[in-house]
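Hi there,

Here is the structure I promised to pass on. Have a look, and then read on for what turned up in it.

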Amino acid sequence: MTEACVGFTRVLRGAGLQCGPDRVQAFLAATEHVDLYWAGRLTLCADPDDLPRYDAAYRAYFGGTPPRPRTTVELDSMTVGVAASDVEVLKHKDISEFNAAPLIARLRPLPPRRRSRRLKKARRGRMDLARTVRAMIEVGGEITRPRHRRRGTKARRLVLLIDVSGSMAAYSDALLRFAHVVARAMPVEVRTVGTRLTRVTRQLRERDQERALRAVGRAIPDYEGGTRLGDTIRRFNQQWRQRGAVVVLFSDGWERGDPALLAAELARLRRTSHRVLWANPHAGKPGYRPVQRGVVAALPHVDRMIAGHSVHALEELLEEVRRA
């Protein structure tokens, strides 16, 4: 069966689908949970335009017509027939234990909002005297309904700080894919932290996720190295001049530097930010206790520590960001 599935992905590549190694691995893993046809449609089709070519390749390779789904869920603006319970199982599974790239790619982030200084037309709010007078002139000076205006909203800046040290190796690839999805959806600043601070915002703007991740890998000099969160956050505080952002730090809190420095720099970051969230992949596991030196130092200076170990946890994080 594995040989047949791999052969099918070769046919799909010939038909023009982007079936890289990660998607092939995700396809093979998904066949253990759902029907082969729907496993491939979920993991190997990156765009609605891929669907007709996928169906044609499936008929040519396996013969017959595609099976009918048991139930239907909407993913990425296309209907994918899979059992909803199967998707939920994968969403709650630890992302270090399987290739979560296809599910992460289908997340739909919404930016946090803030009040803008610019006023816009509104039914209620501050009276717009100029527009009201113009409306009266248009009707010959007759009294007319007052016009109003109020402050609009605009996207609030989001910052993602992703720990790529050795202790986070099992999660860093999935989290960088998450950052790519976010970077494609809203204004965001992305830095990796380890022993050094590296800006990868530009690389993550690349539309193709695999090319973006390769560019990020080339840019990070300390991938799977040590962890000096205090030093790297100090450098970020020195470089980052914008106030009022929502900052999310992804880390397990294993700090090799001075915890007092980490506490001081997080306190400084908190003073200049709208909210500071800590996404810890271990926080969602049964029996977890925040005993790591970095976590103990950080907790008084973050608004909330949340789990970051599953697709479901990342969905909850996005909702927390949206409400910020």
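Which residue in S7 does leucine 158 stand opposite? Leucine 158 faces valine 188 there. Before the rest, a note on the source: this is a predicted model, in which local features need pLDDT of at least 70, side-chain atom pairs count only at pLDDT 80 or more, and totals for chains, interfaces and linings use all residues. Residues are numbered from 1 along each chain as its sequence is written, and side-chain values use heavy atoms, with hydrogens and water left out.

Strand S6 covers residues 158–163 (strands are DSSP runs of E, at least two residues; helices are runs of H or I, at least four; both are numbered from the N terminus). Six of its six residues are buried, so S6 is largely enclosed by the rest of the structure (buried means under 20% relative accessible area with a 1.4 Å probe, protein chains only). Leu158, Leu160 and Ile162 cover one side, and Val159, Leu161 and Asp163 the other.

S6 runs parallel to S7 (residues 188–193), joined by six bridges, and parallel to S9 (residues 245–250), joined by five. In S9, leucine 158 stands opposite valine 246.

Serine 273 lies in strand S10, residues 273–280. At 10% relative accessibility, serine 273 counts as buried. A polar atom of its side chain lies 2.7 Å from the backbone oxygen of leucine 269. Beyond its neighbours within four places in sequence, serine 273 is in contact (heavy atoms within 4.5 Å) with Gly244, Ala245 and Val247.

Best wishes

Definitions and conventions:
Buried < 20%, exposed > 50% of the residue type's maximum accessible area, 1.4 Å probe, protein only. Pairing = 2+ DSSP bridges. Polar contact = N/O pair within 3.5 Å; in protein donor to acceptor, adjacent residues only side chain to side chain.
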